[in-house]
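The sequence and structure come next.

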Amino acid sequence: MLKVSRLTPLLDKYAISASAICAVHCICLPLFLGVFPALSTSIFGQERFHQILIWVVVPLSFISLALGCKRHKRKVVALLGLVGITVLSSTVVLGHDVLGESGERVATFLGALAIAAAHVRNYVLCRKTRCNR
């Protein structure tokens, strides 16, 4: 049976990937819709896609960062992850109606970047301190 702490690197990789997908989706969607207008009828062209990603990113981030920070004791990693989660979640809730198109893109990108940076740091620290043992 796989130890829970051995899941941390895998969860970090999934969270980084989900954050990157969120950022790329938000930044590139207008270009993709211009090239592939039929994309707007799929889930990828809808605002709901960000909401779905939040339901993936938040639990992955909380679990992975909690497991890693419990072992390597670097609270700044957890703080960076929480800032990213807060920004990303706020962006989804407020949306482009409050933030505007550009504000939503910038906030999504910054939130996703903070989450990804926290997970990269968590991954590196876990490798150094052998969190998976």
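The model is predicted. Just after helix α2, Lys73 takes a positive phi of about 65 degrees.

**Helix lengths**

The 25 residues of α2 should span 36 Å, and the end C-alpha atoms of α2 are 36 Å apart, which agrees. For α1, residues 7-35, the 29 residues should span 42 Å, and the distance between the end C-alpha atoms is 39 Å, which also agrees.

α1 has a kink of about 55 degrees at Cys28.

**Helix packing**

| Helix pair | Axis distance | Angle | Handedness of crossing |
|---|---|---|---|
| α1 and α2 | within 9 Å | roughly 150 degrees | left-handed |
| α2 and α3 | 9 Å | about 30 degrees | left-handed |

The axes of α1 and α2 cross at roughly 150 degrees. Angles over 145 degrees count as roughly antiparallel, so α1 is roughly antiparallel to α2. On the α1 side, the contact includes Thr8, Leu11, Asp12, Tyr14, Ala15 and Ala18. On the α2 side, the residues in contact include Phe49, His50, Leu53, Val56, Val57 and Leu60.

The angle between α2 and α3 is about 30 degrees. The cut-off for roughly parallel is under 35 degrees, and α2 and α3 are therefore roughly parallel to each other.

**The buried residues of α1**

Which residues of α1 are buried? They are Thr8, Leu11, Asp12, Ala15, Ala18, Ser19, Cys22, Ala23, His25, Cys26 and Leu29. An α-helix has 3.6 residues a turn, so residues three or four places apart point the same way. The buried residues of α1 pack against α2 (48-72) and α3 (75-129).

**Ala23**

Ala23 lies in helix α1. Is Ala23 buried or exposed? Its relative accessible area is 9%; buried means under 20%, so Ala23 is buried. Leaving aside neighbours within four places in sequence, Ala23 is in contact with Phe109 and Ala112. Ala23 and His50 are 27 residues apart in sequence, and their C-alpha atoms are 9.6 Å apart in space. His50 is one of the α2 residues that make the contact with α1.

Terms used:
Residues are numbered from 1 along each chain as its sequence is written. This is a predicted model: local features need pLDDT of at least 70, side-chain atom pairs count only at pLDDT 80 or more; totals for chains, interfaces and linings use all residues. Side-chain values use heavy atoms; hydrogens and water are left out. Helices (H or I, at least four residues) and strands (E, at least two) are DSSP runs, numbered from the N terminus. The expected span of a helix is 1.5 Å times one less than its number of residues. The bend at a residue is the angle between axes fitted to the seven residues ending there and the seven starting there. Buried means under 20% relative accessible area, exposed over 50%, partly exposed in between (1.4 Å probe, protein chains only). Contact means heavy atoms within 4.5 Å. Axes are lines fitted to C-alpha atoms, for helices over the stretch in contact, and angles run from 0 to 180 degrees between N-to-C directions. Angles under 35 degrees count as roughly parallel, over 145 as roughly antiparallel, 65 to 115 as roughly perpendicular and the rest as oblique. A crossing is left-handed if the near helix is turned anticlockwise from the far one by less than a right angle, and right-handed if clockwise.
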